[in-house]
Amino acid sequence: MTDRAGIYARIIELIQPLNSKSIVLTENTSFAGDLEMDSLTVMDLVASMEDEWDIVMPLNMLPDLETIGQVADAVMRLVTK
Amino acid sequence: MSKSLIALAPTPTFDALAYRRAAFDTVGEALDYAALGEKGMNFHDARADLVRAYPYAELAADARVRALRLLADGVRPGDRVALIAETGADFAAAFFAAIYAGAYPVPLPLPTSFGGREAYVEQIATQLRSCEPKLVLSPEGLFPMVEQAAAGLCPAHDWTPYFAVPSPVTDLPEAVKTDIAYLQYSSGSTRFPHGVAVTHEALLANLAGHAYCMEAGDGDRVVSWLPWYHDMGLVGCMLAPLANQISVDYLATEDFARRPLSWLTLISRNKDATLSYSPTFGYDICARRISASIDVKERFDLSRWRVAGNGADMIRPEVMQAFVDVFDAAGFKASAFLPSYGLAEATLAVSIMPLGEGIVSDLIDERTLSGSGGGRTDKRQPTRFRAIVNCGKAVPGLTIEIRSEDGVIVPDRKIGRVFVRGLGVMAGYFRDEEATRAALSPDGWLDTGDMGYLSAGSIFIVGRAKDMIIINGKNHWPQDIEWAIEQLPGFKAGDIAAFAITTPSGEEAPAVLVQCRTTNVDERAVLREAIRSKVRAITGMACVVELVPPRTLPKTSSGKLSRSKARSQYLSGEIQPFDVAA
């Protein structure tokens, strides 16, 4: 599934095992503030997203991605490129 | 077509050039010599496939052309050239262009996680303000952020178009061994950075010293994923192999973070002996990544891993044992572990374990380590021991002393502050007389800020007297946490004490005590959450936050906040945090 809704749904599934505080995940959930992910966990998630859609997420993209919705948009752009 | 196939052969492990153990006056001269052989750097992608072989000969030629560009742009000996330290040929060529131009290259960090654009821009800007470079160069992808950071401070350029401009040929300046070679920013806090200035002489002495301890030379290959903005990555895994004419296989740090097992794939593939270093967490995430579906014996061959170096953070023996348990099937030998101790202020290495001894540790009573001394007070309570790793003997050219609080040398096996003197000690902190005087005595003794003891010439590090907090190999500073909280209304310096606590598994975690006047438990809960998220937003750390009554934080005799006293009073229960509504 490579439409925006499908990508978002799959990202939620990938994040769920890393959601140690079991918070409710939304488009506006932030990785640092809400999920409190450290950089190693983030890179682990990046690797699983890269495998899922066979994409490469460049390092310089990461500082601008604060929320799950922004990550879904970024994946969408990389998939349709 | 055929050209690209030839270009994609890695540089060799052996060549005809006679081995010279870092015996050069300057690091530029070391590169000139390495360029006479066929060895060099090899860059791989996240799946460990070779994308670029970069022989030292090509690096030297590129760097000389780029040095002319810097000179034409007005860069003069002693000027600083700031460089975003992306692992790749572009950074290496720009670093040595600055060296050949007589300028000081200043490696700057890369972003490491989701979000945090503002914090990254501010970090770069702070380091630029500290080193006042002639210009800053960056890869294309990070250029918009670097340009923003450099606004009003210095010109910023994307290094590809910058170096594409042809420049007139002229003589390059001649460096001498007492000149500063580079500035290193890995040791200061983000908010209050200190650039460590290292001379060519100190650098090459240290590189020769640890190559001697490792018996490094012909037939060895280095494999590294360590970042080039950190001393172990830059000095240990870029400058050391180059000054010792050894080929290196690189994996970018962010690729290692995504696919750590690619590190072990590169080591498995090397038909000759491998030298490779990592902080504790690198071994940890590899061991954790192995699941039942991975056939370790089939997939990896770690039998030729001659030196598996440990350093850059506290070495945790149980993590190393877990790595051995998992990778024994792939032929990994526990005797390949090589504990070491070092810091950027001593170029890199202070001490290294003798080859082949692996990890040897002492079991020490936790109470001895926390300084509370004395025997077991309550016999019904079990004694908690911590394993302290033997970090080996001083590298040639360096002397270690352990001193008490009043500066007296203490006997063997007594814990005190670690001092180091000799070749390899930094020239000072760049343009920071006060910080330099605090760390370096007139007769050349460096106060490492670490606590440890000597036993028959071997050094055992028990912790840091400096307040640094190391998480996943990354250094954090309590000043940065405290500064973050001061940004909230109603808090001022002196109300806040941040420090590291050790979790039962031996990992470090940041904690902060905040004096607060609020009596309502619900308001306290709101306040604590606000503090937690502010620290998270500014430093990226999840911090234990405790609210304490006013005037509980201890001061030093000079009236300054004492983080170490606050820490020990908190751990002993002398400081009681307020209750907070759940």
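The buried residues of helix H5(B) are Ala119(B), Tyr120(B), Val121(B), Gln123(B), Ile124(B), Gln127(B), Leu128(B), Ser130(B) and Cys131(B); buried here means that 20 or more other C-beta atoms, placed from the backbone, lie within 10 Å of the residue's own. This is a predicted model, in which local features need pLDDT of at least 70 and side-chain atom pairs count only at pLDDT 80 or more, while totals for chains, interfaces and linings use all residues. Residues are numbered from 1 along each chain as its sequence is written, and chains are lettered from A in the order in which they are written.

What covers those buried residues? Among the elements are strand E3 (80-84), helix H6 (143-150) and H18 of chain B. Helices (H or I, at least four residues) and strands (E, at least two) are DSSP runs, numbered from the N terminus. After the helix comes Glu132(B), with a positive phi near 40°.

Now to the meeting of the chains. The contact (C-beta atoms, placed from the backbone, within 7 Å) takes 23 residues from chain B and 20 residues from chain A. On the side of chain B that touches chain A, these helices each supply at least two residues:

| Helix of chain B | Residues |
|---|---|
| H5 | 117-131 |
| H10 | 253-258 |
| H18 | 521-539 |

Finally, the domain assignment, automatic or from a database, gives chain B domain 1 (8-338) and domain 2 (469-572).

Notes:
Contact = placed C-beta atoms within 7 Å. Buried ≥ 20, exposed ≤ 12 C-beta atoms within 10 Å, placed from the backbone.
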